[in-house]
Amino acid sequence: MANKHENNTVAERQTQQVKPPSLFQVVLLNDDYTPMEFVVMIIQAYFGKDRETALQIMLKVHRDGRGICGIYTKDIAATKVDLVMAHARQAGHPLQCVMEEV
Ligand code: TYC
């Protein structure tokens with residue numbers, strides 16, 4: 001369906017004009033070597049959690065093998081993964097961080 005405007009331009013009406021962005025969860029994986037305190041610091045620094053929440057997420061990862069740190073649009077999630085991985089390598093820890101579509 002088309003609408004004729006006063007200046008003779010035509011705007012097409014589309015059924016799905018914009019799609020909501022797909023979302024990705026950023027997940028930390030457990031390992032045997034990364035210090036618990038380093039993981040808590042990472043969760044606070046990159047995922048905006050307070051110390052208590054960061055501690056709970058870290059312990060969940062430690063117990064269950066994985067834990068969600070946050071849910072973001074694709075570019076933001078990818079940047080978080082890159083920053084966390086770079087920081088962990090810089091510090092000499094094997095911490096793994098991945099993103100998964102929700
Ligand atoms: N399992 C690690 C230890 O006992 C702690 C740890 C928690 C490592 C969470 C990684 O994503 C992680 N030191």
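Colleague: How many of the seven residues of β3 are buried?
Modeller: Strands (E, at least two residues) and helices (H or I, at least four) are DSSP runs, numbered from the N terminus. Buried means under 20% relative accessible area, exposed means over 50%, and partly exposed is in between (1.4 Å probe, protein chains only). β3 is largely enclosed by the rest of the structure, because its buried residues number five.

Colleague: What pLDDT do local features need here?
Modeller: Residues are numbered from 1 along each chain as its sequence is written, and side-chain values use heavy atoms, leaving out hydrogens and water. This is a predicted model, in which totals for chains, interfaces and linings use all residues, side-chain atom pairs count only at pLDDT 80 or more, and local features need pLDDT of at least 70.

Colleague: What pattern does the protein follow along the sequence?
Modeller: Count the elements and you get three helices and five strands. Read from one end of the sequence to the other, they follow the pattern β-β-β-α-α-β-α-β.

Colleague: Which are the edge strands of the open sheet of three strands?
Modeller: The order is β4-β3-β5, with antiparallel pairing; strands pair if DSSP finds at least two bridges between them.

Colleague: Which residue stands opposite V26 in β5?
Modeller: β3 spans residues 23-29 and pairs with β4 over seven bridges, and in β4 the bridge partner of V26 is G70. With β5, β3 pairs in the antiparallel sense over six bridges. There, the residue opposite V26 is M99.

Colleague: At about what angle does α1 run to β4?
Modeller: Axes are lines fitted to C-alpha atoms, for helices over the stretch in contact, and angles run from 0 to 180 degrees between N-to-C directions. Contact means heavy atoms within 4.5 Å. Helix α1 (residues 36-47) lies across β3 and β4, and its angle to β4 is about 15°.

Colleague: And what angle does the direction of α2 make with that of β4?
Modeller: Helix α2 covers residues 51-64 and packs on the sheet. Both β3 and β4 are touched by α2, whose direction makes an angle with that of β4 of about 125°.

Colleague: Which residue meets R51 in a salt bridge?
Modeller: A salt bridge here is a side-chain nitrogen of Lys or Arg within 4 Å of a carboxyl oxygen of Asp or Glu. For R51, the N to O distance is 2.9 Å. R51 belongs to helix α2 and its partner to helix α1, 14 residues apart, and that partner is E37.

Colleague: How many residues apart are D64 and K60?
Modeller: The side chains of D64 and K60 meet in a salt bridge at 3.4 Å, N to O, and K60 is partly exposed at 35%. Both lie in helix α2, about one turn of the helix, and their separation in residues is four.

Colleague: How far apart in sequence are the parts that E100 and R66 tie together?
Modeller: The side chains of E100 and R66 meet in a salt bridge of 2.9 Å, N to O. E100 lies in strand β5 and R66 in strand β4, so the parts tied together have a sequence separation, in residues, of 34.

Colleague: What share of the 102 residues is buried?
Modeller: E100, at 26% relative accessibility, is partly exposed, and so is R66, at 32%. Across the protein, the share of residues that counts as buried is 27%.
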